[in-house]
Amino acid sequence: MRHDDIGPGIRIVGVKRKASIVFRIDDDLVVIMRILHRGKSLGHEDEDEDLS
């Protein structure tokens, strides 16, 4: 599923209810940005990193 509200071209896919993979596709390259374990959120207060 696309999540352009998080960043341009960002997609998130769930894996067996245990992890979510945050990635984007650049031409013919898949860039994995994060792997989130068991429902962790992208928006923690202690994170200043931008995914775009």
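Biologist: What is the accessible surface of the protein chain, and what percentage belongs to carbon and sulfur atoms?

Modeller: The accessible surface comes to about 4300 Å², and carbon and sulfur atoms hold 50% of that. Accessible areas are found by the Shrake-Rupley method with a 1.4 Å probe, and for residues only the protein chains shown count as cover. This is a predicted model, in which local features need pLDDT of at least 70 and side-chain atom pairs count only at pLDDT 80 or more, while totals for chains, interfaces and linings use all residues. Residues are numbered from 1 along each chain as its sequence is written, and side-chain values use heavy atoms, with hydrogens and water left out.

Biologist: How many helices and strands are there in the protein chain?

Modeller: There are 0 helices and 3 strands, and from the N terminus on the elements run β-β-β. Helices (H or I, at least four residues) and strands (E, at least two) are DSSP runs, numbered from the N terminus.

Biologist: What makes β1 and β2 a pair?

Modeller: Two strands pair if DSSP finds at least two bridges between them. β1 and β2 are joined by 5 bridges, so they meet that definition; they run antiparallel. Ile12 has Val22 in β2 as its bridge partner, and Arg11 stands opposite Phe23 in β2.

Biologist: How many bridges does β2 have with β3?

Modeller: β2 and β3 pair over 8 bridges, in the antiparallel sense.

Biologist: What order do the strands of the open sheet have, and which are the edge strands?

Modeller: The order in this open sheet of 3 strands is β1-β2-β3, with antiparallel pairing. β1 and β3 are called edge strands because each pairs on one side only. Neighbouring strands are turned by 25° against each other on average, direction ignored; the axes are lines fitted to C-alpha atoms, for helices over the stretch in contact, and angles run from 0 to 180 degrees between N-to-C directions.

Biologist: What makes the phi of Arg17 worth a remark?

Modeller: Most residues other than glycine have a negative phi. Arg17 is not a glycine, yet its phi is positive, about 55°. Arg17 lies in the loop between β1 (11-15) and β2 (19-26). In the hairpin of β1 and β2, with 3 residues between them, Lys16 in the turn also has a positive phi, of about 50°.

Biologist: How do you know whether Arg17 is buried or exposed?

Modeller: Buried means under 20% relative accessible area, exposed over 50%, and partly exposed in between (1.4 Å probe, protein chains only). Arg17 has 85% relative accessibility, so it counts as exposed. Of the 52 residues of the chain, 17% count as buried.

Biologist: Where is Asp27, and is it buried or exposed?

Modeller: Asp27 is in the loop between β2 and β3. Its relative accessible area is 80%, so Asp27 is exposed. β2 and β3 form a hairpin with 2 residues between them, and Asp27 in the turn has a positive phi of about 55°.

Biologist: Which residues form the nonpolar patch on the surface?

Modeller: Ile25, Val30, Ile32 and Ile35 form the patch, with about 400 Å² of accessible area together. Strand β3 (residues 29-37) gives the largest share, 3 residues, and Val30 is found in that strand. Patches are made of residues with over 30% relative accessible area and no salt bridge, like charges being joined within 9 Å and nonpolar side chains (Val, Leu, Ile, Met, Phe, Trp, Tyr) within 5 Å. A salt bridge is a side-chain nitrogen of Lys or Arg within 4 Å of a carboxyl oxygen of Asp or Glu.
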